[in-house]
Amino acid sequence: MSWSVIFYPGNPERRERLIRKSQELRELMKNNFRATNQLIEALKEHLGLSFRPVALNEKTTVKENCDVIIERIREIQAKVEKIDQQMKAKLEPTLYEKLKNMSLSVHDYQLFSGSVSAVCGVAGTAAVVAVGWLIKNGKILTNMRSTFGLIGTGIMAAVVVGVLFMGIDMIIGAILGGIERDQLERALEEYDRALEEFRPASEIYQDSITYVRIRLSMSQ
């Protein structure tokens, strides 16, 4: 039995909690990268917008991966804002609100198709759905970006992503450089704060992208 276990009998349980939270963080990041690529594919197919796909690099740090997805979401948002402003200028206020809230009738899709085509160069119901979803869900993109920003500045930021699925000693060494009780407690507290925000933001982000992909496939 190690001295750390003798003097800090709660450390083994803390270690197990830390490794579970580390692995949960990795899985959430992985799922959000996949959802972002699905959104990129949908935007290319239905609006002709091109963005480079993102890839979770397990050989680099959590922060470096966060920076990659933050930059891609920022690029998507910049294009969304441009489309939003153009649509707002072209449409009457009541029509713009319908598009923004996705409260469209069959007749509305025909009305909006011409405006969307003028702005994006792509016509059809799917293009209208894509533009409406982008405008309506801008806040979701913002929340996801800020959440990755939080993850990328915490105690886990310097940890290589691949280490998050390795043995507990590697995780402890990468995050803490030791196994002292207070360090474990601080790490767990930060993970708790980060995951408390990351879980719901990830769920909303992924569900929203799944929803628009279903709507787009139905509109074709």
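Okay, a definition to start: when I say contact, I mean heavy atoms within 4.5 Å. With that in hand, among contacts in this protein between residues at least 6 apart in sequence, 77% join residues at least 24 apart.

Quick housekeeping. This is a predicted model, where local features need pLDDT of at least 70 and side-chain atom pairs count only at pLDDT 80 or more, while totals for chains, interfaces and linings use all residues. Residues are numbered from 1 along each chain as its sequence is written, and side-chain values use heavy atoms, with hydrogens and water left out.

So, the overall layout. We have 9 helices and 0 strands, where helices (H or I, at least four residues) and strands (E, at least two) are DSSP runs numbered from the N terminus. Read from that end, the elements go α-α-α-α-α-α-α-α-α. Of the 220 residues, 45% are buried; buried here is under 20% relative accessible area, exposed is over 50%, and partly exposed is in between, with a 1.4 Å probe and protein chains only.

What does UniProt say? The unreviewed entry puts the annotation "transmembrane region" on residues 111-135 and 155-176. Those positions are in the numbering used here, feature names are shortened, and annotations may be inferred rather than shown by experiment. In the model, residues 111-135 are 84% helix and 0% strand, and the end C-alpha atoms of that span sit 17 Å apart.

Now the core. A nonpolar core, for this talk, is a set of buried Ala, Val, Leu, Ile, Met, Phe, Trp, Tyr and Cys residues joined through side-chain atoms within 4.5 Å. The largest one has 64 residues, and the members touching the most others are Leu 25, Leu 47, Met 87, Leu 99, Val 131 and Phe 148. At least two core residues come from each of α2, α3 (62-90), α4 (93-101), α5 (106-120), α6, α7 (138-151) and α9. Which helix gives the most to this core? That's α9, with 12 residues.

Let me zoom in on Val 131. Skipping neighbours within four places in sequence, Val 131 contacts Leu 47, Ile 83, Met 87, Leu 99, Val 116 and Cys 120.

Next, empty space. Rolling a probe the size of a water molecule over the atoms shows where empty space is left. On a 1 Å grid over the protein atoms alone, a cavity is a set of points where a 1.4 Å probe fits but cannot get out, and lining residues have an atom within 4 Å of a point. Grid points are joined across faces, edges and corners, and a volume is the space filled by probe spheres set on the points.

How many cavities of 30 Å³ or more turn up in the whole structure? The search finds 1. The largest cavity holds about 40 Å³ of space, and its lining is Leu 39, Ala 42, Leu 43, Ala 130, Trp 133, Val 212 and Leu 216. The elements giving two or more residues to that lining are α2 (11-47), α6 (125-136) and α9 (181-219), with α2 supplying the largest share, 3 residues. By class we get 7 nonpolar, no polar and no charged residues; nonpolar means Ala, Val, Leu, Ile, Met, Phe, Trp, Tyr, Cys and Pro, charged means Asp, Glu, Lys and Arg, and the others, Gly among them, are polar.

Beyond neighbours within four places in sequence, Ser 208 contacts Trp 133, Asn 137 and Ile 140. Arg 213 is also in α9, but at 35% relative accessibility Arg 213 is partly exposed.

Leu 150 has a relative accessible area of 35%, so it counts as partly exposed. Leaving out neighbours within four places in sequence, Leu 150 contacts Ala 194 and Glu 197.

Most residues other than glycine have a negative phi. Met 102, in the loop between α4 and α5, has a positive phi, near 55°. Is Met 102 buried or exposed? Buried, because its relative accessible area is 17%. Gly 162 lies in the loop between α7 and α8 (168-175) and is buried too, at 16%. The C-alpha atoms of Gly 162 and Arg 26, 136 residues apart along the chain, are separated by 8.5 Å.

Definitions and conventions:
On a 1 Å grid over the protein atoms alone, a cavity is a set of points where a 1.4 Å probe fits but cannot get out, and a pocket is an open set with protein on both sides within 12 Å along at least five of seven lines; lining residues have an atom within 4 Å of a point.
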